[in-house]
Amino acid sequence: MIVKTFVQTPFQQNTRIVWCEATKAAMCIDPGEASPQITAYIRENELELKAIVLTHGHLDHIGGTSFVHEEFPNAEIIAHEDEAELYYSLPTQALLLGMPQQQLATLGMDYADPPKITRFVADGETLKVGDLRFTIRHCPGHTLGHIVLIEEGEKTVLTGDCLFSGSIGRTDFPGGDYATLIDSIQTKIMSLPDDFTVMCGHGPDTTIGRERLANPFLNDTYKNARGRFV
Ligand SMILES: [Zn+2]
Ligand SMILES: [Zn+2]
């Protein structure tokens with residue numbers, strides 16, 4: 001498995017091209033913006049883009065879906081059904097975040113309607129990309145239909161905005177819920193062995209072991225110190 005990361009948007013989102021070396025089958029996870037860098041990488045490596053997979057529907061993860069799909073129209077667009085409403089709200093998301101209408105074009109956030117989701121995936125389903133096999137886990141809490149992808153053989157989990165190195169996703173946006181997110185992370189992600197690599201939607205990679213030990217939201221540090229942080 002080869003993973004190429006592109007840091008995109010003012011939110012420093014990690015867009016990834018994940019591909020199978022043996023077959024050159026590829027998927028693009030969370031195309032954040034209309035970036036010719038991404039499509040050039042696919043062409044230069046002669047990859048066959050099978051799918052655009054969306055961990056969730058926030059604008060920094062889906063803003064480039066139209067652009068990539070126009071260049072590779074055979075690629076499926078894959079998300080969880082509970083995320084469809086958020087995905088299709090792309091043109092109004094920046095306004096809901098409080099960005100002024102007259103600045104959207106300057107920020108590159110004057111989005112048109114995104115292309116149709118062509119396939120919904122549910123918890124437990126397997127996504128094949130060449131010889132790679134990704135198990136889908138539904139992890140609500142940051143958004144309603146957030147998914148993570150696990151490649152057992154490669155000991156890798158792509159966690160989107162559920163779990164970050166030393167932190168967790170925000171829960172103050174519509175559809176977010178703190179207790180639900182902690183439960184998703186504990187049952188669907190931290191059940192993996194310590195030596196799994198965690199590739200996050202923002203920031204550096206980490207491991208399950210490191211997060212089990214040091215993530216203050218997952219050990220008892222945050223709970224025990226609640227109200228005592230300065
Ligand atoms: Zn998000
Ligand atoms: Zn994000």
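**View 1. The largest nonpolar core of the predicted model.** This core has 54 residues, and those with the most contacts inside it are A26, I52 and V148. A nonpolar core is a set of buried Ala, Val, Leu, Ile, Met, Phe, Trp, Tyr and Cys residues joined through C-beta atoms within 7 Å. A residue counts as buried if 20 or more other C-beta atoms lie within 10 Å of its own, as exposed if 12 or fewer do, and as partly exposed in between, with C-beta atoms placed from the backbone. Leaving out residues up to four places away in sequence, V148 touches T55, R137, C139, V157, L158, T159, G160, C162, K188 and I189; contact requires C-beta atoms, placed from the backbone, to lie within 7 Å. The model is predicted: local features need pLDDT of at least 70, side-chain atom pairs count only at pLDDT 80 or more, and totals for chains, interfaces and linings use all residues. Residues are numbered from 1 along each chain as its sequence is written, while chains are lettered from A and ligands numbered from 1 in the order in which they are written.

View 2. Six strands form an open sheet of mixed pairing in the order β1-β2-β3-β4-β5-β6. Strands (E, at least two residues) and helices (H or I, at least four) are DSSP runs numbered from the N terminus, and two strands pair if DSSP finds at least two bridges between them. β1 (2-8) and β6 (119-120) stand at the edges with a single partner strand each, so one side of each has no neighbour in the sheet. Helix α1 (residues 36-44) packs on the sheet and touches β1, β2, β3 (25-29) and β4 (48-53). The direction of α1 makes about 10° with that of β2; axes are lines fitted to C-alpha atoms, for helices over the stretch in contact, and angles run from 0 to 180 degrees between N-to-C directions.

**View 3. Pairing of β1 with β2.** The two strands run antiparallel and are joined by 7 bridges, with β2 covering residues 13-19. F6 stands opposite T15 in β2.

**View 4. Strands β10, β13 and β14.** β10 (residues 156-160) runs parallel to β13 (residues 197-200), with 4 bridges between them. V157 has V198 in β13 as its bridge partner, and V198 has T206 in β14 as a bridge partner. β13 pairs with β14 (residues 206-207) in the antiparallel sense over 2 bridges. The hairpin of β13 and β14 has 5 residues between the strands, and G203 in the turn has a positive phi of about 80°.

Conventions: Contact = placed C-beta atoms within 7 Å.
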